[in-house]
Amino acid sequence: FIINKKSDGGYEIKLIDLGLAFRRDEIKSQKRNEKSPLPFSFHYSAPELMLNFPELAGTHTDIFSLGVILYEWINNAPAWENQHPAALTNLQLSQPLPETSGVKGIYPIIERATARYNFQQPPNRYETVIQKLYLQEAIEKRFSTVDELIKEVENYKNNLLQEKRWWKFRK
């Protein structure tokens, strides 16, 4: 869930069910099937799910979703917005996360969590083999474990605390 502070001082709680739970051993044994795509949730799904590559799903896929959730939570707005599902999908696959003042300091961590290949044209214009290569290239840039992500967030927090202490000492 996400807790957002509203402009009137109250709070809004959003429950998020990504609907992405599946047994890894079952999904990895399935062949890629255009007529039976993987389940995925707009806004939060990694490109390997959106483009229906079950064999590429892993911990990094969940970390991608978490990165998008962190972005939304810190920025208090979705990373990509469009009412039309196809346009939203294209935005998610071709546009980087917008860097805003709300996520400025932690942006590199969120960017690594959500690393993906920014397709220059709709992915269906690429051969399947090329799509997969681009996806694998991006996956290699992501955090591969939650421990890696936590370590980076802890380092960010500690650096932030050190900066605040330094300024306080300087005055």
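Buried means under 20% relative accessible area, exposed means over 50%, and partly exposed lies in between, with a 1.4 Å probe and protein chains only. This tour of a predicted model uses that scale at several stops.

Residues are numbered from 1 along each chain as its sequence is written, and side-chain values use heavy atoms, with hydrogens and water left out. Because the model is predicted, local features need pLDDT of at least 70 and side-chain atom pairs count only at pLDDT 80 or more, while totals for chains, interfaces and linings use all residues.

**The whole chain**

Begin by selecting the entire chain. From the N terminus on, its elements run β-β-α-α-α-α-α-α-α, which amounts to 7 helices and 2 strands. These elements are DSSP runs, numbered from the N terminus: helices (H or I) have at least four residues and strands (E) at least two. Of the 171 residues, 34% count as buried. The chain exposes about 11000 Å², and carbon and sulfur atoms supply 52% of that area; accessible areas come from the Shrake-Rupley method with a 1.4 Å probe, and for residues only the protein chains shown count as cover.

Next, colour by pLDDT, the predictor's confidence in each residue, from 0 to 100. The mean for the chain is 79, and 72% of the residues reach 70 or more.

**Alanine 57**

Select alanine 57, in the loop between helix H2 (47-50) and helix H3 (59-75). This residue is buried, with a relative accessible area of 5%.

**Arginine 116**

Proceed to arginine 116, in the loop between helix H5 (107-113) and H6. Leaving aside neighbours within four places in sequence, arginine 116 is in contact (heavy atoms within 4.5 Å) with residues including Pro47, Phe64, Trp80 and Ala138. Arginine 116 is buried yet has no salt bridge, that is, a side-chain nitrogen of Lys or Arg within 4 Å of a carboxyl oxygen of Asp or Glu. The nearest side chain of opposite charge, glutamate 111, is 7.1 Å away.

**Valine 129**

Finish at valine 129 in helix H6. Valine 129 is exposed, with a relative accessible area of 57%. Select Ile130 and Leu133 as well: with Val129 they make a nonpolar surface patch of about 260 Å². Patches are made of residues with over 30% relative accessible area and no salt bridge, like charges being joined within 9 Å and nonpolar side chains (Val, Leu, Ile, Met, Phe, Trp, Tyr) within 5 Å.

Conventions. Lys, Arg positive; Asp, Glu negative; His and termini not counted.
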